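These are my notebook entries on one structure.

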Amino acid sequence: MKVYTPLLLALGQTAYTLNVGPDYHHAIEDLDKDLPFSQPVTFAHLEWQRCLASTHTTPLDIAILGFPYDTSASYRPGARFGPRGIRAGSSREKKGRSYNTVYGVDPFEEDLTIVDCGDIPVTPFDAAHAFKQMEQGYRQVLHHGTPGNSTKQAEAGGWTHPRIISLGGDHSIVLPILRSLKAVYGPISVIHLDSHLDTWDPYEGYTGIASEQSAITHGTFFWHAAREGCINKGASVHGGLRTKLFGPKDYEIDETVVGFHRIEAHEIDVIGVEGIIKRTVDVVGYENPVYLSIDIDVLDPSIAPATGTPESGGWTTRELKRYIKGLEGLNLVGADVVEVSPPYDSAAETTSVAAADLIIDILAAMVKNKKGISKPAAAPVKDEL
């Protein structure tokens with residue numbers, strides 16, 4: 001009597017005798033798993049869903065969403081490949097090996113719906129249309145329901161809209177994001193980590209403006225967002241700045257028009273990470289809805305070389321990770337990591353791996369906030385000597 005097995009059938013072979021004992025069945029079950037270097041590439045091996053399809057109605061808690069766009073970059077292009085690079089950099093992160101010791105939580109074991117929604121299809125040929133696509137795509141995901149969504153949940157401070165972690169893309173993608181968030185939350189407190197201001201008045205320093213859309217670049221989008229009422233003026237923070245300016249007037253515009261509190265990169269040498277965290281939280285507060293935007297060039301280019309406009313003298317990855325931990329308890333309604341340009345990365349994917357790891361920490365902070373376990377306790381009072 002012939003014995004057929006799925007493996008032998010696949011090989012077009014048969015066997016007359018075969019031991020199909022416990023070891024065989026264990027081997028079959030062992031096939032249904034992901035390895036760090038296997039399977040189609042999604043962020044941290046998350047399930048991929050077509051969240052942008054009009055028929056997609058599955059409630060979401062947290063969504064990963066890619067913005068493959070770099071038409072508004074002023075120097076090095078390539079960030080359109082950022083979402084792909086960051087996902088590849090996250091390959092070692094996956095459920096089953098996902099307990100975050102620093103945050104004390106396993107984001108994938110908290111019974112939350114966390115999915116990779118893929119990328120918004122963004123045209124590289126028409127910037128004005130691209131911005132419409134990005135805003136429409138972000139709104140599509142933002143207005144998904146959340147599991148257990150109800151008026152009672154909203155009154156209790158629960159989430160009624162998913163949290164979206166965006167993968168850039170050049171930094172201008174934040175303008176359509178803030179426009180979308182404004183419709184839900186009103187003006188947003190922004191924590192902006194970057195070597196550059198990104199609040200430049202396009203009509204005061206930039207040249208080559210041929211149309212209204214060409215005035216929106218990855219260095220001017222916050223200026224536009226502020227004029228549109230998207231930013232909570234006076235309750236927003238820059239961190240890691242070390243850029244050259246067109247002149248002192250750039251800082252005046254940053255203060256009066258946009259309303260950011262500035263923290264220079266070199267200040268970390270004086271007040272340390274804890275001092276920078278304190279200044280940030282004092283400005284932003286625990287009650288305001290907060291959007292965290294991380295340009296990967298806030299890191300020193302010796303650590304993250306693959307970016308559009310590198311500036312020396314940046315923070316280290318460890319300092320930035322500690323800073324993000326210090327934001328635990330803030331009401332993060334969205335976040336991004338942008339300006340990752342894989343064509344400039346090393347063969348070791350140094351920048352993409354760093355970007356992915358930052359997102360893992362942001363994800364942990366969001367999950368703890370969702371579970372109501374993230375607001376830090378008051379620091380103990382030390383006895384005076």
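Entry 1. I began with a bridge: Val290 has Leu332 in E8 as its bridge partner. Helices (H or I, at least four residues) and strands (E, at least two) are DSSP runs, numbered from the N terminus. From E7 the chain passes through helix H10 (residues 317-326) to E8, in a right-handed β-α-β crossover. I noted the convention: with the strands pointing away from the viewer, a right-handed path from the first strand over the helix to the second runs clockwise.

Entry 2. I recorded the basis of the work. This is a predicted model, in which local features need pLDDT of at least 70 and side-chain atom pairs count only at pLDDT 80 or more, while totals for chains, interfaces and linings use all residues. Residues are numbered from 1 along each chain as its sequence is written, and side-chain values use heavy atoms, leaving out hydrogens and water.

Entry 3. I looked up the neighbours of E8. Strand E7 (residues 289-295) runs parallel to E8 and is joined to E8 by seven bridges. Strand E3 (residues 163-168) also pairs with E8 in the parallel sense, over four bridges, and Ser166 stands opposite Asp336 in E8. Two strands pair if DSSP finds at least two bridges between them. Seven of the eight residues of strand E8 (residues 331-338) are buried, where buried means under 20% relative accessible area (1.4 Å probe, protein chains only).

Entry 4. In what order do the eight strands lie in the sheet? I read E2-E1-E3-E8-E7-E4-E5-E6, an open sheet with parallel pairing. Strand E2 (114-119) and strand E6 (260-264) are the edge strands, each pairing on one side only. The twist averages 15 degrees from one strand to the next; axes are lines fitted to C-alpha atoms, for helices over the stretch in contact (heavy atoms within 4.5 Å), and angles run from 0 to 180 degrees between N-to-C directions. Helix H11 (residues 350-370) lies across E1, E2, E3, E7 and E8, at about 170 degrees to E8.

Entry 5. I turned to the backbone. Most residues other than glycine have a negative phi, and most peptide bonds are trans. Gly168 and Gly169, however, are joined by a cis peptide bond with omega of about 10 degrees. Ala44 is not a glycine, yet has a positive phi of about 55 degrees; Ala44 is buried, at 2% relative accessible area. Asp198 likewise has a positive phi, of about 60 degrees, and is buried at 3%.

Note on methods
Buried < 20%, exposed > 50% of the residue type's maximum accessible area, 1.4 Å probe, protein only.
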